[in-house]
Amino acid sequence: MEENATNILGQEFSDFLSSKLNQQFKFLSIHRIFGGASRETYRVKLQDEEKKSQNFIYRRTQDSSLIETDQKTEYVAYSDFQDTEVPVPKLIVLEESSDKLGAPFLVMEELSGVVASPFDKEAYNPYQAEIGEQFWKILGKIASRDLDSSNLNKLLPNKNKNDCCTKELNYWVNVIRKDSIGIEPILEAAIRELFRSKPLPASRLSIVHGDYRNGNFLFEGKHVTGILDWEMAHIGDPLEDLGWALSEIWCWEKKETPAYLIPRKEALGIWTQESQIEIDEDSLLWWELFACVKGLAIWISAGHEFSTGKNSDPVNLFSAWLPGDIHTEIILNKLENLL
Amino acid sequence: MKPEINTALITLAQELIQRFSPLLQDEYEQSRLNSWGTLLLMASMDLDKAADNLIEQNKLIKTFLKKYSRKIIDRVLIQEIDLLIKVKRPKYDISALDELNQELRGTLVKTQAYFEKESNPEALKEIWKILRIMHSHRKVSHLLAVLKS
């Protein structure tokens, strides 16, 4: 979007929020945040009636979205953790129609802190231990969140402990079948293996973040200040998030410390203590292999968006090349070891 | 001899990242241009070996299918393999090699699934060896450190 068009968007956003929150905001600036291909995310600075400036995060659905997810799901998932020990931004508004600003969107207050690249092994140095403890503890809290009072659980009903794995696997294999532009025998071998060797039924149903990893949280010094990017949230097996967060792709250059934080054994100990969920090792291994297939589905989808010209954001090409390559190699290592 | 295409692409990538990107005021546009520079750099590294890699992959799969088709009793699969190993495409342009590569990959997937059902560890080990070589041709993950610098 050209600078002028972006400023018009910022002004329209300011007018919308003024009317919605019944106070007069003055538009100061708008900047698009780089990365993430599922939403267009902007940081908008407005001035309120008391002349104080406020930063808002404005997340718009893209015409072409990498993962087709409902903005309401993301909003509702955030709502489940407002004012809890799981740090999330304060929600302001969800607009599901495209009538107001051309696309559905949600608005949140901006939290302090920075996001690191998931491929930067030094990102959390020297606070890996402190941030690591919080990172795995928060995931444990998400897993143990009571579902009776969960808005997400009300939005996505009819889940069953016995078939979460099959539903998730079928979903992502369908994405692969729809978007693949080539045949990858290594991925096909992983899909066959996952269908052959199912994990145990989930020990409980939990809120699953869906993309819990380094690179999707804010931190400031030694403190985790916000868990972001809930657009793939759903109800399922808590081991799904664990398998995804542990994936070697997120610690490719230092595999002994998942998410470039603390050693695996320590991480699992913290998670178990916080969630009070016992881990079945074989089931976790299944979910870790599943994480590779899900990851590849996402990267394949990105490559498809790029090659069909739907979305020429370089993030899509990068995803198809680099993370796609790493997840393929992780599968190769895992399945070769099974022989 | 003229300067090689990949040399030109590497220089272009460097110019984009080091010369033009700092001129952009907008942080988003700057990150986007840097990403393009990085991707160009990765593409240039792949370019020189692309045709040779596909030729090697196609040869490896064909040799394997030829060797192991005798151990298959599924007639449809045998027929598919027979047809494919007879294919001769003298063209060496990347698109033609890639087209054949995709056909061979498809048949390799079916053959691997067959030997998994039949529990043939010897054939499976050989397939995984081929898959590792094929993966090494497309591998870019080792460039992570280089790309960051």
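The paragraphs below go through the interface of chain A and chain B, then a pocket, and lastly a loop residue of chain B. The model is a predicted one, in which local features need pLDDT of at least 70 and side-chain atom pairs count only at pLDDT 80 or more, whereas totals for chains, interfaces and linings use all residues. Residues are numbered from 1 along each chain as its sequence is written, chains are lettered from A in the order in which they are written, and side-chain values use heavy atoms, with hydrogens and water left out.

At the interface, 36 residues of chain A are in contact with 32 residues of chain B, contact being taken as heavy atoms within 4.5 Å. The two chains bury about 3,200 Å² between them, 64% of it on carbon and sulfur atoms; this buried area is the accessible area (1.4 Å probe) that two parts lose on being put together, summed over both. The rule for salt bridges (a side-chain nitrogen of Lys or Arg within 4 Å of a carboxyl oxygen of Asp or Glu) finds six of them across the interface, and A:E184 forms a salt bridge with B:R138 in which the closest N and O atoms are 3.5 Å apart.

On the side of chain A that touches chain B, β1 (26-32), α6 (185-196) and α10 (314-338) of chain A each supply at least two residues, where helices (H or I, at least four residues) and strands (E, at least two) are DSSP runs numbered from the N terminus. The most comes from α10(A), with 13 residues.

The second largest pocket is lined by 44 residues, and those nearest its centre are A:I181, A:A320, A:W321, B:D98 and B:R138. A pocket here is an open set of points on a 1 Å grid over the protein atoms alone, where a 1.4 Å probe fits, with protein on both sides within 12 Å along at least five of seven lines, and lining residues have an atom within 4 Å of a point. Its volume, the space filled by probe spheres set on the points, is about 1,400 Å³. Among the elements that each supply at least two lining residues are α5 (164-179) of chain A and α6 (121-138) of chain B, while α9(A) gives the most, with seven residues.

In chain B, B:P22 lies in the loop between α1 (5-20) and α2. Leaving aside its neighbours within four places in sequence, B:P22 is in contact with B:I17 and B:Q30, and B:P22 and B:N34, 12 residues apart in sequence, are 9.5 Å apart in space, C-alpha to C-alpha.
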